[in-house]
Amino acid sequence: MEQVRLGTTGTKVSRICLGMMSYGDPSKRAWILDEGDAEPIVRRAVEAGVTFFDTADVYAEGTSEELTGRLLPKFFAQRDDYVLATKVCLPMGPGPNDRGLSRKHILASIDDSLRRLGVDYVDLYQIHRWDYETPIEETMEALHDVVKSGKARYIGASSMFAWQFAKAQHVADTHGWTKFATMQNHYNLIYREEEREMVPLCLDQGVGLIPWSPLARGMLAGNRERGGERKTVRSQNDAYGDSLYTEDDFDVVDVVREVAGERGVPAAQVALAWLLGRPGVTAPIFGATKLTHLEDAIAAERLELDEKEVARLEAPYRPHPILGHS
């Protein structure tokens, strides 16, 4: 698998990032895999050249980080052989300081994440969402201190408005603090609102895009049908996904299936290949609960769509309200 620079940093990552949200304690969500079921998927990813792995403190209430920390050393000889990302912000407990992007929570959370992961540092420490209650100056200074302490190599952000991201980068630049190297945004063939402001901003500033939900919570891969049919355990238990996409979005799904049929490949490969070809996209974050899901991602990295196919895939898009910022 091709290895590319993480944004404009000097660090190289695989073109596909394996999302670890699907692994942890199955009692937390019906579709989460335990360590025994996750291990063969992670092993195959490493065999295929995946070196980039993304998790978060909140995934499966911390058990995703714990499982990630146990699995990766099984397949890599040393810590520097892979790139590890996690996140902070969403609630990790009932207390008022168990969430958000205050200095208190950030400094406590990085230590908790490192303990669960069993490592001395993460390569990429990301803010999971924007914190409207904490001054961005406090957040950026705390993140800078995390980097300077050696507990993270880079920092990144996830879904927010472009003005918020620009403000955070300006604050960091003004004070000589560490700036965000990546943006993990909601971006796929069904949801392309990021192309209006966030993508151009990141292209201009050299920020790498590592999109989440590249297959629209599996919708582009066929886990849902018109009329409400749900074909997988996750789609049957995904109220958040249901809030993001509607029946009208199946117009895009239909064209993806047409192009995939002509190519003789699964729809997931076509949808992911489209995203891999978008300007500024470093590595989509791809979740897999079956080996076939992973094989589609591996194949998509080698699938090149022509201009006519891209135009067909993009033609049925319809504008959406802002989705995924909360």
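1. At roughly what angle do the axes of helix 1 and helix 11 cross, and within what distance do they come? The model is a predicted one, in which local features need pLDDT of at least 70 and side-chain atom pairs count only at pLDDT 80 or more, while totals for chains, interfaces and linings use all residues. Residues are numbered from 1 along each chain as its sequence is written, and side-chain values use heavy atoms, with hydrogens and water left out. The axes of helix 1 (residues 35-47) and helix 11 (residues 291-300) cross at roughly 15° and come within 10 Å; helix 1 is therefore roughly parallel to helix 11 (angles under 35 degrees count as roughly parallel, over 145 as roughly antiparallel, 65 to 115 as roughly perpendicular and the rest as oblique). Here axes are lines fitted to C-alpha atoms, for helices over the stretch in contact, and angles run from 0 to 180 degrees between N-to-C directions. Helices (H or I, at least four residues) and strands (E, at least two) are DSSP runs, numbered from the N terminus.

2. The crossing of helix 1 and helix 11 is right-handed, a term that applies if the near helix is turned clockwise from the far one by less than a right angle, with anticlockwise giving left-handed. On the helix 1 side, Pro40, Ile41, Arg44 and Ala45 meet Leu291, Leu294, Glu295 and Ile298 of helix 11, where contact means heavy atoms within 4.5 Å. By class, the residues of this contact are 6 nonpolar, no polar and 2 charged (Ala, Val, Leu, Ile, Met, Phe, Trp, Tyr, Cys and Pro count as nonpolar, Asp, Glu, Lys and Arg as charged, and the others, Gly among them, as polar).

3. A further helix pair is formed by helix 3 and helix 4 (residues 136-148), which pack at an angle of about 25° with their axes 9 Å apart, so that helix 3 is roughly parallel to helix 4. The crossing of helix 3 and helix 4 is right-handed. Helix 3 contributes Arg103, Ile106, Leu107 and Ile110, and helix 4 contributes Glu138, Thr139, Glu141, Ala142, Leu143, Asp145 and Val146; the contact has 6 nonpolar, 1 polar and 4 charged residues.

4. How many disulfides does the model have? The count is 0, a disulfide being a pair of cysteine sulfur atoms within 2.5 Å. Cys17 is in no disulfide, and the nearest cysteine sulfur, that of Cys202, is 16 Å away; from the side of Cys202, the sulfur of Cys17 is the closest, and this 16 Å is too far for a bond. Cys17 is buried, with a relative accessible area of 0% (buried means under 20%, exposed over 50%, partly exposed in between, with a 1.4 Å probe and protein chains only), and Cys202 is buried at 1%.

5. Cys89 has a positive phi of about 150° although it is not a glycine; Cys89 lies in the loop between strand 5 (83-88) and helix 3 (103-117) and is buried at 7% relative accessibility. Ser213, also not a glycine, has a positive phi of about 55°; Ser213 lies in the loop between strand 9 (208-209) and helix 7 (233-236) and is buried at 11%.

6. Thr182 belongs to strand 8 (residues 180-184) and is buried, at 0% relative accessibility. Leaving aside neighbours within four places in sequence, the contacts of Thr182 include Leu6, Leu124, Ile155, Phe165, Val207 and Ile210.
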